[in-house]
Amino acid sequence: PDPNREFTMSLSSRRETIIVSIVVASAVLVAGIAGTMIIRKKQQKTGESYATPIDASLEQSMGKAPAFTLENMDGKKISNTDLLGKVWVVDFIFTTCGGTCPMMTESMKVVQDRVKDLADVRFVSITVDPKNDTPQALREYAQHWGADPERWYFLRGEREEIARIDREGFHLGNPDDVVDHSQRLVLIDPLGKIRGYYDGATPHRGTHAQTLAEDIRKILVHQRP
């Protein structure tokens with residue numbers, strides 16, 4: 001056998017292997033980048049992203065919080081204008097939910113307790129099942145979770161209005177089912193601007209709740225004279 005020919009064939013085989021490896025690696029990289037871009041676009045479209053610390057000085061905004069007028073568990077009308085001048089957090093739940101809602105409410109409670117020294121903070125939980133979530137049901141739910149009635153509002157209204165606020169206003173929820181809701185907590189600043197979305201129902205929800213509490217403080221400290 002010709003040793004030069006065998007060497008040439010071996011070298012050619014190695015080159016082919018290297019080329020194939022480079023092509024495969026490039027394809028994996030491109031697919032990964034494309035997948036990440038798709039996920040980010042979906043998150044931007046739905047407004048659902050994981051908690052990331054905000055820079056209050058930049059005053060970044062994700063749009064304005066929607067206008068609404070709903071009823072609390074005492075029959076009092078609460079509107080978005082009542083929350084101007086406050087930093088507030090909103091989520092969408094229903095009291096008979098056995099899945100994400102208890103975790104979300106737990107996250108809200110953690111944040112409530114972490115910022116209890118701040119007077120200008122409010123929490124808003126809007127039920128997506130107003131038929132079953134009567135004022136009494138909301139009252140019992142609030143008491144069970146230790147919600148401060150002066151700072152944490154549990155609201156109800158017409159299903160169509162709630163769906164509008166949920167989907168069109170905060171860019172959350174499932175377009176096909178009003179009771180199928182997002183697990184995000186939404187942060188709004190004193191000017192009514194949406195400042196961030198935080199996952200309230202994952203194994204890391206404690207970390208997200210802590211980040212949310214820190215971001216509330218950032219906004220209030222930055223806006224003080």
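Cys 101, with a relative accessibility of 0%, counts as buried. Cys 97 is likewise classed as buried, at 12% relative accessibility, which is under the 20% limit used for this class. The model is a predicted one. With a disulfide taken as a pair of cysteine sulfur atoms within 2.5 Å, the count of disulfides comes to zero.

The protein chain has 225 residues, and 41% of these count as buried. Its secondary structure consists of five helices and seven strands. Along the sequence, these elements are arranged in the pattern α-β-β-β-α-β-α-β-α-β-β-α.

Strand β6 spans residues 184–188, and five of its five residues are buried, so the strand is largely enclosed by the rest of the structure. In a regular strand, side chains alternate between the two faces of the sheet. In β6 both faces are covered: Arg 184, Val 186 and Ile 188 are buried on one side, and Leu 185 and Leu 187 are buried on the other. 

The bridge partner of Arg 184 in β7 is Asp 199. Strands β6 and β7 form a hairpin, with five residues between them. In the turn of this hairpin, Gly 192 has a positive phi of about 85°. Strand β7 is mostly covered, with six of its six residues buried.

Strand β3 also contains Trp 88. This tryptophan has a relative accessibility of 2% and therefore counts as buried. The C-alpha atom of Trp 88 is 6.6 Å from that of Asp 189, although the two residues are 101 residues apart in sequence.

Helix α3 covers residues 135–144, and its buried residues include Ala 137, Leu 138, Tyr 141 and Ala 142. These four residues cover an arc of only 130° around the axis, which puts them on the same side of α3. An α-helix has 3.6 residues a turn, so residues three or four places apart point the same way. The face of α3 turned away from the buried side carries Gln 143 and His 144, both exposed.

Two loop residues were also examined. Lys 131 lies in the loop between β4 (121–127) and α3. At 70% relative accessibility, Lys 131 counts as exposed, because the limit for that class is over 50%. The C-alpha atoms of Lys 131 and Arg 156 are separated by 9.1 Å, and the two residues are 25 residues apart along the chain. His 171 is located in the loop between α4 (159–169) and β6. The phi of His 171 is near 60°, a positive value in a residue other than glycine. With a relative accessible area of 35%, His 171 is partly exposed.

The largest pocket holds about 230 Å³ of space. Its lining is made up of 14 residues, and those nearest the centre of the pocket are Asn 72, Lys 76, Ile 78, Pro 149 and Tyr 153. Strand β5, residues 152–156, contributes three residues, the largest share of the lining. By class, the lining comprises seven nonpolar residues, one polar residue and six charged residues.

Conventions
Residues numbered from 1 in each chain as written. Predicted model: local features only at pLDDT ≥ 70, side-chain atom pairs only at ≥ 80, totals over all residues. Heavy atoms only, no water. Buried < 20%, exposed > 50% of the residue type's maximum accessible area, 1.4 Å probe, protein only. Pairing = 2+ DSSP bridges. 1 Å grid on protein atoms, 1.4 Å probe; cavity = no way out; pocket = protein on both sides within 12 Å on 5 of 7 lines; lining within 4 Å. Points joined across faces, edges and corners; volume = space filled by probe spheres on them. Nonpolar A, V, L, I, M, F, W, Y, C, P; charged D, E, K, R; others polar. Arc of directions from axis to C-beta.
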